[in-house]
Amino acid sequence: MCIFIDCLLCPTVIWSAVIGIGVYFLKDYMQGGQFTKETNETGKVVIVTGANTGIGKETAKELARRGATVYMACRDMTRCEIARLEIVKETNNQNVFSRELDLSSLASIRKFVAGFKAEQQKLHVLINNAGVMRCPKTLTKDGFEIQLGVNHMGHFLLTNLLLDVLKKSAPSRIVVVSSLAHTRGAINVDDLNSEKSYDEGSAYSQSKLANVLFTRELAKRLEGTGVTVNALHPGVVDTELARNWKFFQTNFVKYFLKPMLWPLLKTPKSGAQTSIYAALDPDLVNVSGQYFSDCKPKEVAPAAKDEKVGKFLWAESEKWTSKSD
Ligand SMILES: NC(=O)c1ccc[n+]([C@@H]2O[C@H](COP(=O)([O-])OP(=O)(O)OC[C@H]3O[C@@H](n4cnc5c(N)ncnc54)[C@H](OP(=O)(O)O)[C@@H]3O)[C@@H](O)[C@H]2O)c1
C-alpha cells in the first residue's frame, strides 16, 4: 500500500497527471462557440455540399438530428452512401439522401440541380461547405484553377441555379463556409485563373476571399426576397482538408507536429457549430451579408469589403459559369 502511494506521489506521475488534465482543458477550451439552441427542423429541406466527411458530415448529421430532410451533395457516391447510412443510423431520420455533385464540373452541377428540382419543390437552407485546399496546380473539367473552381465558381453556379426555389421557400438561408484564410487573400484581377503564376496558398486564400465577396454581393442582390446569405470561418478543424498539402503528408507532421497541435484543433463536430448557427438560429432570420466565427459575428478583412472587386468577381463568375457543356 505504502509503495503504491509513494508511486502515486512520484514526480513523474504527478507531472503526467497535470499535463494530461491541462491538455484536456485546453482541448475543451479550443472547441469554441457551440450552437446550443434546440430547434425542430421537421419539414425543412436542406442541401449540404461535401457532406461525406469533416465539417459537412457533422453539419448534415446535426440537421438530420433536428428533423430536416437533408440532401448530401457529394462527388464520391461510395463515401457519401457510407456517411449517409451512418447518419440515418445515428439520427433515426430516414429523410437523408445522397446525391452526386462534382463542383469541379459545370455539367455535374446543372445535373444535380435538375435532379433536385425534380424531387423537391422547396429548399430552406443551402450550405456551401465543400472545399479543397492547397492543391498542386490542377484544372477543373471546365479549365478553372481547381481551388477557385470548386470553392467559389462551382458554388456560384449552384447557388444561382437554386435561387428560384430558395426564393419560393422564403424565409430561407444560404450559408457559405469561407475561412480566416480570406484575410490573407487577394483577388488577382489580372490573372484570376492563375495562368501566369500559381501559388497553392495564395490560390486557396483567393478562393476563400471570393466566398466572402460573393456573400456580400449576393446579400445586396437578395434584399427584400426573404433569402439571406452569410459566410463564416469554422475554426481550425481536424479534418481531411490538408490531404493535398504535401507538407502535411510528411512523417514530421504526421508523427510530431499533428500530435502536438491536436489539443489546439476543433473536432469536426465543433467545426460544424457555426454553420449550424448560421443555418438555424432564429435570431438571424433577417441577418444577411455577415461573416461569423465561433457562433458570433466577426469583422471581415478590408479586401472583402471592396465592392468594386466584388462586382468584378461577380461579372467574371457569371461569364465563366455560363459556358455551355
Ligand atoms: N478544416 C479547417 O480547419 C477549415 C478551416 C477553414 C475553412 N474550412 C472550410 O471548411 C469546408 C469544409 O472543409 P473540411 O475541413 O471539412 O475538409 P474535408 O474534410 O476535406 O471535406 C471537404 C469536403 O468537400 C468535398 N469536395 C472536395 N472537392 C469537391 C468537389 N469537386 N465536388 C464536391 N465536393 C467536393 C470533399 O469530398 P471528398 O471527400 O470526396 O473529397 C469533402 O466532402 C471547406 O470549404 C474548407 O475550406 C476548413
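Arginine 184 is found in the loop between strand E5 and helix H7, which spans residues 200–221. The model in which this residue is placed is a predicted one. With 16 C-beta neighbours inside 10 Å, arginine 184 counts as partly exposed, because a residue is called buried at 20 or more such neighbours and exposed at 12 or fewer. Although arginine 184 and leucine 209 are 25 residues apart along the chain, their C-alpha atoms are separated by 8.3 Å. From this loop the account turns to the sheet.

Eight strands form an open sheet, and their order across it is E3-E2-E1-E4-E5-E6-E7-E8, with mixed pairing. The edges are held by strand E3 (96–100) and strand E8 (296–297); each has a single partner strand, so one side of each is left without a neighbour in the sheet. In general, the strands of a sheet pair through backbone hydrogen bonds, and the pairing may be parallel or antiparallel.

Strand E2 (residues 69–74) runs parallel to E3, and five bridges join the two. Within this pair, alanine 73 stands opposite arginine 99 of E3. Between the two strands the chain passes through helix H4, and this β-α-β crossover from E2 to E3 is right-handed.

Further along the order, strand E1 (residues 45–49) runs parallel to E4, to which three bridges connect it. Valine 48 has isoleucine 127 of E4 as its bridge partner. On E5, isoleucine 127 stands opposite valine 175, and the parallel strands E4 and E5 are joined by four bridges. Together with helix H6, these two strands make a right-handed β-α-β unit.

The next pair to consider is that of strand E6 (residues 227–233) and strand E7 (residues 291–293), which run parallel and share three bridges. In this pair, alanine 231 has tyrosine 291 of E7 as its bridge partner. Helix H6 (residues 146–168) packs on the sheet, where it touches strand E4 (125–128), strand E5 (172–177) and E6, and its direction makes about 175 degrees with that of E4. Helix H10 (residues 273–280) also packs on the sheet; its contacts are with E4, E5, E6 and E7, and its direction makes about 160 degrees with that of E5.

Attention may now pass to the ligand. Which residues come nearest to it? Of the 30 residues around the ligand, these are Gly50, Gly54, Ala130, Gly131 and Thr239. Helix H3 (residues 54–65) supplies the largest share of the shell, namely three residues. Sorted by class, the shell has 13 nonpolar, 12 polar and five charged residues.

Is glutamate 41 buried or exposed? It counts as buried, because 21 C-beta neighbours lie inside 10 Å. Leaving aside neighbours within four places in sequence, glutamate 41 is in contact with Leu63, Arg66, Gly67, Ala68 and Leu280. Arginine 65 is 24 residues away from glutamate 41 in sequence, yet the two are 8.8 Å apart in space, C-alpha to C-alpha.

The backbone itself deserves a final look. Most residues other than glycine have a negative phi, and most peptide bonds are trans. Against this background, alanine 170 and proline 171 are joined by a cis peptide bond, with omega at about 5 degrees. Proline 171 has its place in the loop between H6 and E5.

Asparagine 92 is not a glycine, yet its phi is positive, at about 65 degrees. This asparagine lies in the loop between helix H4 (77–91) and E3, and it counts as exposed because it has 9 C-beta neighbours inside 10 Å. Arginine 134, likewise not a glycine, has a positive phi of about 50 degrees. The loop that holds arginine 134 is the one between E4 and H6. With 19 other C-beta atoms within 10 Å, arginine 134 is partly exposed.

Technical notes: Residues numbered from 1 in each chain as written. Predicted model: local features only at pLDDT ≥ 70, side-chain atom pairs only at ≥ 80, totals over all residues. Pairing = 2+ DSSP bridges. Contact = placed C-beta atoms within 7 Å. Axes fitted to C-alpha atoms, helices over the stretch in contact; angles between N-to-C directions. Near = placed C-beta within 6 Å. Nonpolar A, V, L, I, M, F, W, Y, C, P; charged D, E, K, R; others polar. Right-handed = clockwise from strand over helix to strand, strands pointing away.
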